[in-house]
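Biologist: Hey, can you walk me through the charged pairs in this one? I'm new to this.

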Amino acid sequence: MSLELALKEISKTIKSDDGVELQIRPLESKDENALLGFFKKLPEPELMFFKHRVTDPEVIKNWCANIDLGTNLPLLAIENGDIVAVATLHQKLGGWKRHIGRISASVLTKYRQKGIAGQLVQALVDVARMSGLSKVEAEFIGMQEGGQKLFAMLGFTHLIKLEDYVQDLQAIDHDYVLMGMDLMTDEEYAGMG
């Protein structure tokens, strides 16, 4: 199934565990200011977990000006026009990792522990499976224990942990954790019934 068809299959809304209905949709070029605002609302210590300087307006401008959902699919959770969570499926379209998607997720503090990240990540796992990927992975800094627990609850397993292997934007060493999950294709799901 193509990415476009897979995106049509995912829900346009989700409900948080406390009953708040959120709009779900991919990133659009008009989201530049809202996305920058989202990243600026994240707690300062968490910004070190990102591979890019996400509070730099030029970084976000470049992302929103060059959207390619086939390589980076940011799925937004929106309440009253504000982005409250972002989960992204990253793909390589060629090379030896073309069958593997990488998923990342971030949620504003006020919206955590409400099932939002789990629903977004699950939607992206479904898109990855429907798009023909056979594996998904997620990368963490060792201290991101909450994220690792969430991904484990969704079926990801720990693949590797390397001590003091990566550095944050302040050049501080951290453990690197890679989690992954094998995906069943639609045909495999059909055969289970």
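**Salt bridges, pair by pair**

Modeller: Let's start with two residues away from the surface: Asp31 is buried, and Arg25 is buried too. Keep in mind that this is a predicted model.

Biologist: What do the side chains of Asp31 and Arg25 do?

Modeller: They meet in a salt bridge, at 2.7 Å from N to O. Asp31 and Arg25 are also part of a network of salt bridges that includes Glu28 and Lys30.

Biologist: Why do side chains pair like that at all?

Modeller: Opposite charges can pair when the charged atoms come close.

Biologist: OK, new topic. How many salt bridges are there in the whole structure?

Modeller: A search finds eleven. Another one of them joins the side chains of Lys51 and Glu139, at 2.4 Å from N to O.

Biologist: Which parts does that pair tie together?

Modeller: Lys51 sits in the loop between helix 2 (32-41) and helix 3 (57-65), while Glu139 is in strand 6 (residues 135-141), so the pair links parts 88 residues apart in sequence.

Biologist: And is Lys51 buried or exposed?

Modeller: Lys51 is exposed, because its relative accessibility is 55% and the cut-off for exposed is over 50%. Glu139 has 28%, so it counts as partly exposed.

How values were computed:
Residues are numbered from 1 along each chain as its sequence is written. This is a predicted model: local features need pLDDT of at least 70, side-chain atom pairs count only at pLDDT 80 or more; totals for chains, interfaces and linings use all residues. Side-chain values use heavy atoms; hydrogens and water are left out. A salt bridge is a side-chain nitrogen of Lys or Arg within 4 Å of a carboxyl oxygen of Asp or Glu. Buried means under 20% relative accessible area, exposed over 50%, partly exposed in between (1.4 Å probe, protein chains only). Helices (H or I, at least four residues) and strands (E, at least two) are DSSP runs, numbered from the N terminus.
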